[in-house]
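Subject: Structure handover

Hello,

I am passing the structure on to you with this message. My notes come after it.

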Amino acid sequence: MSSTEAGRDVTTIQLLSPTGERVDSDASAEFQPYVDALTDDQLRAFHRDMVLTRRFDVEAAALARQGQLALWVPSHGQEGAQIGLAHATRPQDHLFPSYREHAVALSRGVDPVDILRLLRGHTHGGWNPAEHHNFHVYTLVIGSQTLHATGYAMGLTLDGKAGTGDVETDQAVVTFFGDGATSQGDVSEALVFAASFQTPELFFLQNNQWAISVPVSRQSRTPLVHRAGGFGIPGTQIDGNDVLASYAVSRRDLDAARTGGGPRFIEAMTYRVGAHTSSDDPTKYRTDDELQGWIARDPIARFETYLKGLGETDAFLAELAVECDDLGADIRRRTTTLPKPEIGLMFDHVYSEPHPLMAEQKEWLARYEQSFGPAADAPTDGARS
Ligand SMILES: Cc1ncc(C[n+]2csc(CCOP(=O)(O)OP(=O)(O)O)c2C)c(N)n1
Ligand SMILES: [Mg+2]
């Protein structure tokens, strides 16, 4: 499959078609062995992780609508790109996400309720990366995590933890960012340093076609994957709704990066099926035709068709549906019963030492809260709207 944008050809790596058939092309040949080596259990795990993430997303969106979260950031549609990448990482790798990487978070062992604590306003961070398989905290300042990742990757090389040539122990770094983030200076700076110092790093761009209401055509006159070449970093465009392509290309690139091959760049062509966040109404800026066109390329539906073609049983899918319902109920119960955080907590970690401005603001907030009367201090089952 190839696409042309601004007169420049790009080959898009696809291993599974939207109708669930394996794709055998010259461009895909290099990647077939990665998929052929996957066991039935690994394939099932791909599917399970995608389906559970979507269920989590549905539950979280409902919680946001009911006022239980201040905000929700849907991942619907991007599960294929994320789970392929997640399964291509090795345990020793460090991952620096943006804010939409729920599938990767769950796959690296983050408790979904820790993500919701963040979006309920109960915590600034949410989890300790050291206790969650090196999955670092979500970053809302667009593109900033790419600098954290490049700095960390430079450190790995300096510490001799990458580039020894051993794929089993060498560490790599993944950084996630969106099509809109590519216009941010931080991302260019991260790419410059990565190329200059040949960091053990994968730049994983999820091009979901939109940056809130700004289409990708406004962000770049060339396919974004070509940006990588400009920095001297090998780049590959993949069908981001094809979990197998995401897995195989990510595996190749991560193992090259960790063993001394320098940074790599993947542009995963995908789509944000949901709203940008629960505060956004996408019907104001995009057409239903466009949306339906992408839904027809859904990563989960095509993988389910593929698994069934391989002989997967209905029992597996039925058990997964039950697991999804249990997950949804568990998330809802645990989120709505979270203890209310101490009101002044948000001021306590701004500076390492006590600070008069923070003390003043903390006192002001306490007085403001008290102005609502005693009921304001009573436990609530939701965020104040
Ligand atoms: C530095 C900065 N500028 C602006 C914003 C507001 N903002 C939040 S999300 C977003 C769009 C990001 O789009 P993209 O990088 O494509 O990621 P996506 O949300 O599509 O996953 C913007 C501009 C921000 N959070 N940080
Ligand atoms: Mg985007």
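The notes below cover the metal site, the aromatic contacts, a surface patch and the salt bridges.

This is a predicted model, in which local features need pLDDT of at least 70 and side-chain atom pairs count only at pLDDT 80 or more, while totals for chains, interfaces and linings use all residues. Residues are numbered from 1 along each chain as its sequence is written, chains are lettered from A and ligands numbered from 1 in the order in which they are written, and side-chain values use heavy atoms, with hydrogens and water left out.

Metal site

The magnesium ion (ligand 2) has Asp-179 (OD), Asn-208 (OD1) and Trp-210 (O) as its protein donors, at 2.1 to 2.3 Å. Donors here are N, O and S atoms within 2.8 Å of the metal (3.2 Å for Na, K and Ca); water is not among the atoms, so sites may look incomplete. Along the sequence the donor residues follow the spacing D-x28-N-x1-W. Helices (H or I, at least four residues) and strands (E, at least two) are DSSP runs, numbered from the N terminus.

Asp-179 is buried at 1% relative accessible area, and Trp-210 is buried at 10%. Buried means under 20% relative accessible area, exposed over 50% and partly exposed in between (1.4 Å probe, protein chains only).

Aromatic contacts

The search of the whole structure gives 17 aromatic pairs. Rings of Phe, Tyr and Trp (its six-membered ring) pair if their centres lie within 6.5 Å; planes under 30 degrees apart count as stacked, over 60 as edge-to-face and the rest as tilted.

One of the pairs is Trp-210 with Tyr-285, which is tilted, with 5.1 Å between the centres and 50 degrees between the planes. Trp-210 lies in strand S6 and Tyr-285 in the loop between strand S9 (264-269) and helix H11 (288-295), so this pair ties together parts that are 75 residues apart in sequence. Both Trp-210 and Tyr-285 are buried.

Trp-364 and Tyr-368 make a stacked pair, 5.1 Å centre to centre with 10 degrees between the planes. Both residues lie in helix H15 (residues 356-370), four residues apart, about one turn of the helix. Trp-364 is partly exposed at 48% relative accessible area, as is Tyr-368 at 39%.

Ring pairs also link Phe-46, Tyr-247, Phe-303 and Tyr-306 into a cluster.

In two places a charge sits over a ring, which requires NZ of Lys or CZ of Arg within 6 Å of the ring centre and within 35 degrees of the ring normal. The charged end of Arg-44 is over the ring of Phe-316, 5.9 Å from its centre. The charged end of Arg-297 is over the ring of Trp-294, at 4.8 Å from the centre.

Surface patch

Val-192, Phe-193 and Phe-197 make a nonpolar surface patch of about 290 Å². Patches are made of residues with over 30% relative accessible area and no salt bridge; like charges are joined within 9 Å and nonpolar side chains (Val, Leu, Ile, Met, Phe, Trp, Tyr) within 5 Å. Accessible areas come from the Shrake-Rupley method with a 1.4 Å probe, and for residues only the protein chains shown count as cover. Phe-193 lies in helix H7 and is partly exposed, at 44% relative accessibility.

Salt bridges

The whole structure holds 26 salt bridges, each being a side-chain nitrogen of Lys or Arg within 4 Å of a carboxyl oxygen of Asp or Glu.

Glu-59 and Arg-332 form one of them, at 2.7 Å from N to O. Glu-59 lies in helix H2 (residues 40-65) and Arg-332 in helix H13 (residues 314-336), so the pair ties together parts that are 273 residues apart in sequence. Glu-59 is buried at 9% relative accessibility, whereas Arg-332 is partly exposed at 27%.

Arg-252 bridges to Asp-253, with the closest N and O atoms 2.8 Å apart. Arg-252 is partly exposed at 22%, and Asp-253 is buried at 1%.

Lys-308 and Glu-304 meet in a salt bridge of 3.2 Å, N to O. Both lie in helix H12 (residues 299-309), four residues apart, about one turn of the helix. Salt bridges that share partners join Arg-90, Asp-93, Glu-168, Asp-255 and Arg-258 into one network.

Regards
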